[in-house]
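This report describes selected parts of one protein model. Please look at the sequence and structure before reading on.

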Amino acid sequence: MKTVAVIGTGPRGLSVLERLAIGLAKKPAGSEVDNIFIIDSSCVGAGRIWNPAQDECLLMNTLSSHVTMFSELQPGEPEVFARRLTLQEWLNTTDIESLKKYCADSFVPRKIYGLYLKWFFSEVVEKLQTYTSVTVVQDEVTDIAEDRASYNLLTKTGATLKGVDSVVLALGHDRCKQDSTAVETTRTQMTCSNTKYIMADSAADMDLDCVRPGESVFVRGLGLGFYDVTARLTQGRGGIFESQGNELIYRPSGEEPKIYAGSRSGLPIPARGRNQKPLGYTQTCHFFTVTRINERRMHSGRFSLSFTSDLYPLIQAEMEHAYYVAALIEAGGRSVAEAFASEHSSERDPYRSIRAQTMSRYQLDRFPPLSLSDLARPFSGMKFGNQHAFMETLIQRIEWDTCEAEKGNIDGPLKAALDVIRDVRDLLRTSVEFGHIDHDSFVSEFKHHFEPLIALLTAGPPIFRQKELLALIRAGVVQIMGPEVKVDSIPGKYTYVSSPFVLGYCPRIETYIEGMLPTPSVAQRQALLVSNLLEKGLIREHPKFKLIGIGGGIDITSNNYQVVNRAGDNQKGMFCLGIPTENPKWFTQVGSGTARKISSFTMDAKVLVTHLLKELELKNYPEYKAVSLNGQ
Ligand SMILES: Cc1cc2nc3c(=O)[nH]c(=O)nc-3n(C[C@H](O)[C@H](O)[C@H](O)COP(=O)(O)OP(=O)(O)OC[C@H]3O[C@@H](n4cnc5c(N)ncnc54)[C@H](O)[C@@H]3O)c2cc1C
């Protein structure tokens, strides 16, 4: 008789529970898990980020038809759920009146995804209860103590969950440590200059009520967090967007503050291309393939490749393929585009530029070259005589980007090229994780250079968010600061913001909002549980990343996500997945599976549960067979 505990019921914890239900459906007679503890300190069944109690203006950033929590089954796996609905299918079938308006494929409010997660949770728990007992606990686990061959889980309210054989840590996003040096420094600077300070967090959990109508607020960061904070301070306060032709206009409620926002680039995160890819779409790759990567490994005689010289050229060639094919079609020549596609895919050496002959035969010089760095820093080298001049240039840039995004992620050259990165993300993951590329290259080339570029260029909001931003700018509610924004304070007086590239503009601010959610390293996590486990040595920070200073995630084994303890041994019965394992894993911030696809989100849970059940000595459990992602 065995007991399992899953700590955290955000999407990752739920994905583990679903795989447990599938795994236990195959349980051989005589081997039993007799209890599963399911614990969350926040919203049990949806988790903190997707809590259905949040503001409706905060949106999910994934299309509802693509979102599913049910894993794509492989041959031989039991069909244990009567209905395996995607988010959109669930919306279509639900009889909740208020949800009927979300019938078209859309970017639904996060609270709606939270409701879907809760429904999914109840389906999974119901199924689990046919095999085992389930104990749902709303509490924070603060410590785990070893007790001979099992664990006791101690909670904040003083309860002890005893005799746990396997623990899954699916802890997700942590809150920033209140007393970290960075937080302390900014907080002190703001306090000394009579400026309110709001720490980075999910916008749903920020206390924005302290921001008064009409006051000047600065949001640091122009990523998705900026769009969230802006939505809460405008739509969330009763402001309304109205369509006027192809434009939106903003009707203020009068409750809005004056919002200033800035970042290093001065560019609000661009929109994602309109989706043209059907469910189950698989990118046909010509260059960034397992075969090419392995060939490179063989020829170089190195197992660990360099990101910049070995992997990136393959990705660049793949993006250029999508870019020029779409550009040639747009320029009027489908047959020319087909000829180019065939020539380029068969003759291009991805480690060299496109051949001069090909460039001239298809007149590719007429299209601007595809450079991620230029796209991410469009104002580089520019100086502006005043704020008005900067805003004019910025508005043109946003309008241009909106136009590119509307062309679509297949037909639009720019967004088709950038969407390649999203399509190859799973292969990219397996190519860089767990030491598959040289460590120095991983840190300096991949983490410090490439990752911020693609976070800016490929993770953007839907197009309408960008149109809303334009409307807010036109309504005078939002001002974007020029590049390399600086925050300065006059102690005892006030704080002001400025850009060294925009002359004569330095508005004073009354509230400073940290709009960029960092992924804290394990050591910087606020959670008591993590610091207690570190102190006991049951977990450790991945030693390589800790030394390099980018913050190691929880050290885990690459083949089954078992935690590695301080001594460097696998910690029996303890597993971890998702965000706490960022470095050595990569891109762990994923909140759902992808409909009609075997996604890495699903595979992570599957691999973990397979091993967990094996370790519990449930015999005859089917062997996990590696399935190549991307079908390659
Ligand atoms: C604001 C925001 C918006 C996002 N939007 C999207 C999106 O649109 N699409 C997408 O794919 N991804 C999105 N993401 C990425 C995000 O990482 C995932 O969507 C997702 O929430 C991650 O799931 P998780 O289960 O790993 O973590 P979480 O959702 O953070 O869940 C972890 C849970 O563990 C609980 N927990 C932690 N420690 C303990 C403890 N000691 N005891 C008890 N309970 C504990 C927490 O309360 C929490 O509920 C977004 C992220 C953020 C922050």
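S6 and strand S7 (residues 160-164) pair in an antiparallel way through three bridges; strands are DSSP runs of type E with at least two residues, and helices are H or I runs of at least four, both numbered from the N terminus. Two strands count as paired if DSSP finds at least two bridges between them. Strand S5 (residues 141-147) is joined to S6 by six bridges, also antiparallel. Together they form an open sheet of three strands in the order S5-S6-S7. S5 and S7 are at the edges with a single partner strand each, so one side of each has no neighbour in the sheet. On average, neighbouring strands here are turned by 20 degrees against each other, direction ignored.

Leu-154 of S6 stands opposite Asp-143, and Thr-160 is the bridge partner of Leu-154 in S7. The hairpin of S5 and S6 has two residues between the strands, and Arg-148 takes a positive phi near 50 degrees there. In the hairpin of S6 and S7, with four residues between the strands, Gly-158 has a positive phi near 95 degrees. Strand S6 (residues 150-155) is mostly covered, with five of its six residues buried (under 20% relative accessible area; exposed is over 50% and partly exposed lies in between, using a 1.4 Å probe and protein chains only).

## Basis of the model

This is a predicted model, in which local features need pLDDT of at least 70 and side-chain atom pairs count only at pLDDT 80 or more, while totals for chains, interfaces and linings use all residues. Residues are numbered from 1 along each chain as its sequence is written, and side-chain values use heavy atoms, with hydrogens and water left out.

## Helix H1 and its partners

Helix H1 (residues 11-25) packs against helix H18 (residues 600-615) at an angle of about 50 degrees, with the axes 9 Å apart. Axes are lines fitted to C-alpha atoms, for helices over the stretch in contact, and angles run from 0 to 180 degrees between N-to-C directions. H1 is therefore oblique to H18. Contacts (heavy atoms within 4.5 Å) involve several residues of H1, including Arg-12, Val-16 and Leu-20, and several of H18, including Phe-601, Val-609 and Leu-613.

H1 also meets helix H3 (residues 110-128): their axes come within 9 Å and cross at roughly 30 degrees. That makes H1 roughly parallel to H3 (angles under 35 degrees; over 145 is roughly antiparallel, 65 to 115 roughly perpendicular and the rest oblique). Among the residues that meet are Leu-14, Leu-17 and Ala-21 in H1, and Leu-117, Phe-120 and Val-124 in H3.

## Nonpolar cores

In the largest nonpolar core, of 87 residues, Phe-307 and Ile-480 touch the most other members. A nonpolar core is a set of buried Ala, Val, Leu, Ile, Met, Phe, Trp, Tyr and Cys residues joined through side-chain atoms within 4.5 Å. Helix H7 (residues 307-330) gives the largest share of this core, 12 residues. Another core, of 79 residues, lies apart from it and includes Ala-21, Leu-99, Leu-577 and Leu-616.

## A buried histidine

His-66 is in the loop between strand S2 (33-40) and strand S3 (67-68). His-66 counts as buried because its relative accessibility is 18%. Beyond neighbours within four places in sequence, His-66 is in contact with Asn-275, Lys-277, Leu-279, Gly-593, Thr-594 and Ala-595.
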